[in-house]
Amino acid sequence: MIYIIQEAVKGFFKNKSMSFITIGIITISIFIFGLFIAGTANMLNVIKLAEDRIEMIVYLKDNLKAEEIKLLDEQIATILGVQQTEFVSKEQALENFKKEMSENSPLLSAFESNPLPASIKVTVSMAYKTPEYLREISEKIKLFSGVEDIDYGSEWIDDLDRIIKILFFIDIILGIIITLSSVFVVFNTIRLTVYARREQIDIMDLVGATETYIELPYIIEGIVHGLFGSLISTALLYSLFSFISTKIPNVIFLNSSLTVFMVFFGMILGFTGSFMSVKQCMNEIREVKRLEPVGKRKTLPRSVK
Amino acid sequence: MINFKNVYKYYKKDWVALNNVNLSIEKGQFNYLIGRSGAGKSTLMKMIYMELFPTEGEIEVAGYNTKSIKQNEIPMLRRKIGVIFQDFKLLKDRNVYDNVAFALQVTGEKYSNIRKKTLEALAAVKMSHKRNSFPYQLSGGEQQKVAIARAIIKEPFILIADEPTGNVDPEGTRDILELLFEINTRGTAILMATHDYSLIKKSVGKVIGLRDGKLVNPDDIFKMEFGGQQ
């Protein structure tokens with residue numbers, strides 16, 4: 001065990017330029033991956049902000065009695081997906097309207113009586129804010145007596161839903177491409193460092209080192225490279241995002257669990273890269289030895305001179 | 001100790017490296033393996049430490065059989081076999097001491113034993129004084145001695161030497177041969193491949209002749225090479 005750790009540390013410092021390159025490549029890969037993750041996180045954030053604004057207004061017929069309104073309110077509250085209801089009286093509606101319009105708007109003075117209907121504001125739970133559920137809920141509410149009309153922005157919700165779906169699709173494709181390409185690039189870089197020491201692997205194999213002994217130093221080295229690379233890129237990403245957030249509000253950086261995930265991803269990248277490289281390198285060394293030796297080609301059957 | 005039973009080895013389909021080889025190497029025996037390049041010497045040697053496996057037939061080495069050995073048993077077998085090559089196969093970035101100690105380090109030897117055993121092996125090949133030198137600072141003969149030290153440090157039952165003097169000057173060659181004899185007298189069997197037949201006359205070992213993958217009477221090879229003179 002002492003040897004394995006010693007070797008990993010030695011390998012790290014002996015091949016400084018290779019270590020440097022590997023860490024650099026991992027840093028860049030993770031940085032791009034992190035940009036992608038942070039981009040996704042921000043996209044989700046924007047979607048959430050948009051979805052938060054989805055609400056359903058149930059307009060009531062005029063001349064409903066207080067008991068009828070109370071009953072209706074209770075009936076709506078029992079529908080699956082309804083999180084909260086809030087009654088808004090005619091007067092309150094006018095009050096809100098005035099607030100939005102600024103007090104002495106000429107439009108207001110045109111009204112002789114209050115033209116606004118009373119309504120019930122329905123908050124729908126997050127999970128039910130899809131076009132299908134919203135339609136279902138609104139249809140159920142329509143069946144109750146005393147309901148004049150329902151408004152939940154059905155047109156733009158369909159649009160929003162479509163945009164979210166497209167964005168998710170692009171995001172997943174991008175995610176796959178970025179993940180695969182970083183694995184590929186890191187794998188190839190680490191392979192160079194392993195191949196630079198194939199002589200050593202060859203001799204270890206010859207003197208009877210077990211595969212664990214041959215592979216572990218490289219794997220540990222790979223994990224350490226991954227750790228350094230991901231730490232550096234996380235720091236870079238963090239400073240980039242703190243800079244951006246001073247210019248654009250509402251931009252969020254990765255939360256702590258995503259940051260941990262990034263570092264973890266870097267280590268996984270280093271691990272898989274080195275594991276695959278060293279396995280491949282050993283197989284190739286063994287394969288080369290099994291190929292035909294240099295010399296004349298002989299054919300069967302052959303005769304002895 | 002080592003037994004070849006009807007061993008055939010084909011590279012690809014029509015390329016015969018070994019052709020029905022039956023051979024046994026006994027404990028403590030000194031063996032020469034002679035034949036031209038391409039006669040199958042290296043193939044035969046690689047089969048002993050199970051780098052290569054027979055296409056047909058079987059080989060038994062120290063209780064392991066090529067037909068039944070598992071991948072994870074191969075390292076255990078190799079710890080009982082020392083191997084040296086024409087090109088020494090030393091690690092250029094390590095000094096003599098580390099090159100020799102390497103064989104112990106990577107096989108999980110106790111840390112406290114490594115120093116003692118390494119110094120002993122270096123003393124055995126008379127290279128103690130150069131323990132801090134790097135391979136590029138040594139002559140071919142000296143490098144081969146270091147390789148021998150690495151090969152015998154685990155006290156193998158056999159030392160396989162594939163053209164050990166191929167890259168060594170005459171003086172170094174004499175040293176290497178003396179060293180091999182000395183190792184042999186301590187009970188380690190030796191299998192030395194060579195096509196320098198002048199090395200053979202001086203010794204009393206068994207000679208194995210190989211031509212086109214077949215075992216032949218070594219005298220035939222001498223006759224062929226020297227037109228009947230031995």
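This is a predicted model: local features need pLDDT of at least 70, side-chain atom pairs count only at pLDDT 80 or more; totals for chains, interfaces and linings use all residues.
I will begin with chain A. It has ten helices and four strands. If you read along the sequence, the order is α-α-β-α-β-α-α-β-α-β-α-α-α-α.

Where do the domains of chain A lie? The assignment gives domain 1 as 2-49 + 160-289, and domain 2 as 55-152. Note that domain 1 is written as two stretches of sequence, with the range of domain 2 falling between them in the numbering. The centres of domain 1 and domain 2 of chain A, taken over C-alpha atoms, are separated by 53 Å.

A few totals for chain A. Buried residues account for 40% of its 305 residues. The chain exposes about 17,500 Å², and 65% of that comes from carbon and sulfur atoms.

Now one residue from chain A. Please find A:Thr27, in helix 2, which covers residues 16-52. Is A:Thr27 buried or exposed? Its relative accessibility is 9%, and the cut-off for buried is under 20%, so A:Thr27 counts as buried. Which residues does A:Thr27 touch, leaving out those up to four places away in sequence? They are A:Gly229, A:Ile232, A:Ser233 and A:Leu236.

Next, chain B. This chain has seven helices and ten strands. Its radius of gyration is 18 Å, close to the 17 Å that the globule rule gives for 230 residues, so chain B is as compact as a globular protein of that length. The C-alpha trace of chain B spans about 45 × 45 × 30 Å along its principal axes.

Buried residues make up 55% of its 230 residues. It exposes about 10,000 Å², with carbon and sulfur atoms supplying 47%. There are 34 positive and 26 negative charges in chain B, and their mean positions are 4 Å apart. Of the contacts in chain B with a separation of 6 or more, 68% are between residues 24 or more positions apart.

Now to a place where the chains meet. A:Leu206 is in helix 8 of chain A, residues 198-206. It has a relative accessible area of 7%, which means that A:Leu206 is buried. Which residues is A:Leu206 in contact with, apart from its neighbours within four places in sequence? The answer is B:Tyr49, B:Arg78, B:Val83 and B:Phe85.

Helix 3 of chain B is another place to look. How many of its ten residues are buried? Nine are, and the helix is mostly covered. Among the buried ones are B:Val96, B:Tyr97, B:Phe102 and B:Gln105. What do the buried residues of this helix pack against? In chain A, they pack against helix 1 (2-14), helix 8 and helix 9 (211-247). In chain B, they pack against helix 4 (111-124) and helix 5 (140-152). Helix 8 of chain A is also the helix that holds A:Leu206.

Last, two backbone angles in chain B. Most residues other than glycine have a negative phi. B:Lys89 has a phi near 55 degrees, a positive value, and it is not a glycine. It sits in the loop between strand 6 (81-84) and helix 3 (96-105) of chain B. B:Lys89 is partly exposed, because its relative accessible area is 23%.

The other residue is B:Glu163, where phi is near 50 degrees, again positive in a residue other than glycine. B:Glu163 lies in the loop between strand 7 (158-162) and helix 6 (170-185) of chain B. With a relative accessibility of 11%, B:Glu163 counts as buried. So B:Lys89 is partly exposed, whereas B:Glu163 is buried.

That is the end of the talk.

Terms used
Residues are numbered from 1 along each chain as its sequence is written. Chains are lettered from A and ligands numbered from 1 in the order in which they are written. Side-chain values use heavy atoms; hydrogens and water are left out. Buried means under 20% relative accessible area, exposed over 50%, partly exposed in between (1.4 Å probe, protein chains only). Accessible areas come from the Shrake-Rupley method with a 1.4 Å probe; for residues, only the protein chains shown count as cover. Domain bounds come from an automatic or database domain assignment. Contact means heavy atoms within 4.5 Å. The radius of gyration is taken over C-alpha atoms; the globule rule is 2.2 Å times the number of residues to the power 0.38. Lys and Arg count as positive and Asp and Glu as negative; His and the chain ends are not counted. The place of a charge is taken as NZ of Lys, CZ of Arg, CG of Asp or CD of Glu.
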